[in-house]
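Subject: Structure handover

Hello,

Here is the structure we talked about. Please open it first, then read my notes below with it on screen.

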Amino acid sequence: MRGKPPLRRRPKDLAGYLEALSRPVFQAGMSWRVIDAKWDGIREAFARFEPRVVADFDAEEVERLLADPRVVRSRAKIEATIDNAQAVLELDAEHGGFRRYLRSHGGFEETVADLKRQFRFIGDSGAYHFLYVVGEQVPPYEEWRAAVKKAKSKSAA
């Protein structure tokens, strides 16, 4: 979240959650400006992130997306988005709502750990960004960033 933070929007449906989850997937390792510029095309190419539609994308759909100039043409990110749509549907059904799933962990750190387990291409930064955007409780950015850096330096030692 460099510069101005992203808009916070409480998703009205599962498509809103999948879109908010997919943005950090596509932003991983890329310029945020590139993704911002492509986002309308990505949203259109992924059926407005309707999870039931995206979850059913097959190999032919993956090939279509790989050829679509509106999309970041990364097979790994495209396939992660499809897998993540399936996970959103499963967690929504299991918990009686996706928001209930997000709030079932007891706190921010536990939620981030589970997001990283449940979803492909979601790391610490992507989980923080997702939770922030969908209006869930997150620590102040500077505080969180310092804690992540400290944890990474401990694990590297």
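A residue counts as buried when its relative accessible area is under 20%. Over 50% it is exposed, and in between it is partly exposed. Keep in mind that this is a predicted model.

Start with G41, which is found in helix 2. Its relative accessibility is 15%, so G41 counts as buried. Now find P69. G41 and P69 are 28 residues apart in sequence. In space, their C-alpha atoms are 8.6 Å apart.

Next, go to R23 in helix 1. The relative accessible area of R23 is 19%. That is under the 20% limit, so R23 is buried. What does R23 touch, leaving aside its neighbours within four places in sequence? R23 is in contact with I35, D36 and W39. P139 is another matter. It sits 116 residues from R23 along the chain, and the two C-alpha atoms are separated by 20 Å.

**The loop between helix 2 and helix 3**

Most residues other than glycine have a negative phi. Look at R48 with that in mind. Its phi is positive, near 55°, and R48 is not a glycine. R48 lies in the loop between helix 2 (32-45) and helix 3. F49 is found in that loop too. Phi of F49 is also positive, near 60°, again in a residue other than glycine.

F49 has a relative accessible area of 0%, so it is buried.

**Helix 5**

Helix 5 covers residues 75-95. It has 21 residues, so at 1.5 Å a residue it should span 30 Å. Its end C-alpha atoms are 30 Å apart, which agrees.

**Helix 7 and helix 8**

Two packed helices are described by the angle between their axes and the distance between the axes. The axes of helix 7 and helix 8 come within 9 Å. They cross at roughly 115°, and the crossing is right-handed. Helix 7 makes the contact with F108, T111, V112, L115 and K116. Helix 8 brings D124, A127, Y128, F130 and L131.

**Aromatic rings**

A pair of aromatic rings is described by the distance of the centres and the angle of the planes. How many aromatic pairs does a search of the whole structure find? It finds 14.

One of them is F98 with F119, an edge-to-face pair. The centres are 6.3 Å apart, with 65° between the planes. F98 lies in helix 6 (residues 98-102). F119 lies in the loop between helix 7 (108-118) and helix 8 (124-133). The pair therefore ties together parts that are 21 residues apart in sequence. Both F98 and F119 are buried.

Then look at Y128 and W144. Their ring centres are 4.4 Å apart and their planes are at 25°, so this pair is stacked. Y128 is in helix 8, and W144 is in helix 9 (residues 141-156). The pair links distant parts of the chain, 16 residues apart. Y128 is buried, and W144 is too.

There is also an aromatic cluster. It is formed by Y17, F98, Y101, F119 and F130.

**Charges over rings**

Two arginines are worth a click. The charged end of R8 sits over the ring of Y132, 4.2 Å from the ring centre. The charged end of R64 sits over the ring of F57, and there the distance to the centre is 5.8 Å.

Best wishes

Note on methods
Residues numbered from 1 in each chain as written. Predicted model: local features only at pLDDT ≥ 70, side-chain atom pairs only at ≥ 80, totals over all residues. Heavy atoms only, no water. Phe/Tyr/Trp six-rings, centres within 6.5 Å; stacked < 30°, edge-to-face > 60°. Helix = DSSP H or I, 4+ residues; strand = E, 2+ residues; numbered from the N terminus. Buried < 20%, exposed > 50% of the residue type's maximum accessible area, 1.4 Å probe, protein only. Lys NZ or Arg CZ within 6 Å of the ring centre and 35° of its normal. Expected span 1.5 Å × (residues − 1). Axes fitted to C-alpha atoms, helices over the stretch in contact; angles between N-to-C directions. Left-handed = near helix turned anticlockwise from the far one by under 90°. Contact = heavy atoms within 4.5 Å.
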